[in-house]
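These are notes for a colleague who is opening this structure for the first time. Please keep the sequence and the 3D view at hand while reading.

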Amino acid sequence: MAEPVYSHLDTQPIAEGLGFGIRTTSLRDLRDYFQLHRDEISLTGDVPEFLEAQCHVCQQRQSLEIQGHEGEVNWRETLRCPGCGLINRWRSSVHLFEAICEPSRSSSIYLTEAITPLFTVIKQRYPKTTGSEYLEGQQPGAEMQVQGRRIRHEDVTRLSFTSGSFDAVLSYDVLEHVPDYRKALAEFFRVLKPGGTLLWSAPFTFEERTEIRASLQPDGSIVHHLPPDYHGDPFTGQGVLCFQSFGFDILQVMEQIGFESPRVCCFSNLAAGYLDRNILFIAQKPDTRSPLRRMLGNWFSR
Ligand SMILES: [Zn+2]
């Protein structure tokens, strides 16, 4: 398939050799990308029960299970691989993280989840991964026995980690539930090492502006600006309120916090089982160290 000439100078491939997707600061280029790849966004006609695709995590062809194939399919949340157990958005997040960051076994990673199959896969591949969940009423950094495992509690707006702890921070479908998402992004910035990468996802408006669906008042009450939208919580099984859907203006917010080159990655790939208009936000903490310290730091962290 011929790639179009994108209008924006900042539009580039997501990563060298990945073979699909762009990273961009242009809404127009994002729309062009998904228009060009519209055949990969969903399967039309009779949706089968399985899709044969190459699983990046298992490194082999797998029959990905399609849930809801008889009705409406939420493509991001299905296409579960029988080998690794990961759905579309989890498999693709591992794939993009590895293609972009080229992490090693000794990379230190913070993942804002700890009881999901995604955490299990990341921890297995990168042993220096710390995961956390939001456990109501706990002290930040405290661990609790949950479902037979020790789970760490963190509030993403006041993390207990020391500054400059991680090579990468990964946060998938969490920030839409955090009213003070700016504070959370600032905390992600703080705990990253210089040159470290933040990769995150959340519901996206495909527009310029972030849409505030609900806001938290100083007295703790919630004001709804749009009909309440609840997402399933794997931890409690209950619904969690979605406070906002993000727009392109989130790139400016990330820049104000200090991040370098914030971009939206957009991608779809039928051969790997990544259907839907998939979005990931990416940005780096600037590396202000001297060239020598940078070299030594990179060498010691291997
Ligand atoms: Zn797999």
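1. Setting aside residues within four places of it in sequence, Arg61 is in contact with Glu52, Ala53 and Gln54. Arg61 belongs to strand 4, which covers residues 60–65. Please keep in mind that this is a predicted model.

2. Is Arg61 buried or exposed? Arg61 has 12 C-beta neighbours inside 10 Å. A residue counts as exposed with 12 or fewer such neighbours, so Arg61 is classed as exposed. As for distance, 34 Å separates the C-alpha atom of Arg61 from that of Leu27, and these two residues are 34 apart along the chain.

3. The model has an open sheet of 8 strands, arranged in the order 1-2-17-18-10-9-5-6, and the pairing is mixed. Its edges are strand 1 (12–13) and strand 6 (129–131). Each of these two has a single partner strand, so one side of each has no neighbour in the sheet.

4. What does strand 18 pair with over 4 bridges? The partner is strand 10, and the pairing is antiparallel. In this pairing Leu199 stands opposite Ile282 of strand 18.

5. Strand 17 (residues 260–269) is also joined to strand 18, by 7 bridges, and the two run antiparallel. Cys266 has Ile279 of strand 18 as its bridge partner, while Val264 is partnered by Phe281. Strands 17 and 18 make a hairpin with 4 residues between them. In that turn, Gly273 has a positive phi of about 75°.

6. A second hairpin is made by strand 7 and strand 8, with 2 residues between them. Its turn includes Gln147, which has a positive phi of about 50°. Strand 7 covers residues 143–146 and strand 8 covers residues 149–152; they pair in the antiparallel sense over 4 bridges. Val146 faces Arg149 of strand 8, and Gln145 faces Arg150.

7. Turning to the helices, which residues of helix 4 (residues 181–191) are buried? They are Tyr181, Ala184, Leu185, Glu187, Phe188, Phe189 and Val191. The elements that cover these buried residues include strand 5 (109–111), strand 9 (166–172), strand 10 (192–201), strand 16 (244–245) and helix 5 (250–257).

8. How do helix 4 and helix 5 cross? Their axes come within 10 Å and cross at roughly 50°. An angle under 35 degrees would count as roughly parallel, and one of 65 to 115 as roughly perpendicular. Helix 4 and helix 5 are therefore oblique to each other. The crossing is right-handed.

9. The contact between these two helices involves Arg182, Leu185, Ala186 and Phe189 on helix 4, and Val253, Met254 and Ile257 on helix 5. By class, the contact has 6 nonpolar residues, no polar residues and 1 charged residue. Leu185 and Phe189, named in this contact, are also among the buried residues of helix 4.

Terms used
Residues numbered from 1 in each chain as written. Predicted model: local features only at pLDDT ≥ 70, side-chain atom pairs only at ≥ 80, totals over all residues. Buried ≥ 20, exposed ≤ 12 C-beta atoms within 10 Å, placed from the backbone. Contact = placed C-beta atoms within 7 Å. Axes fitted to C-alpha atoms, helices over the stretch in contact; angles between N-to-C directions. Parallel < 35°, antiparallel > 145°, perpendicular 65-115°, else oblique. Left-handed = near helix turned anticlockwise from the far one by under 90°. Nonpolar A, V, L, I, M, F, W, Y, C, P; charged D, E, K, R; others polar. Pairing = 2+ DSSP bridges.
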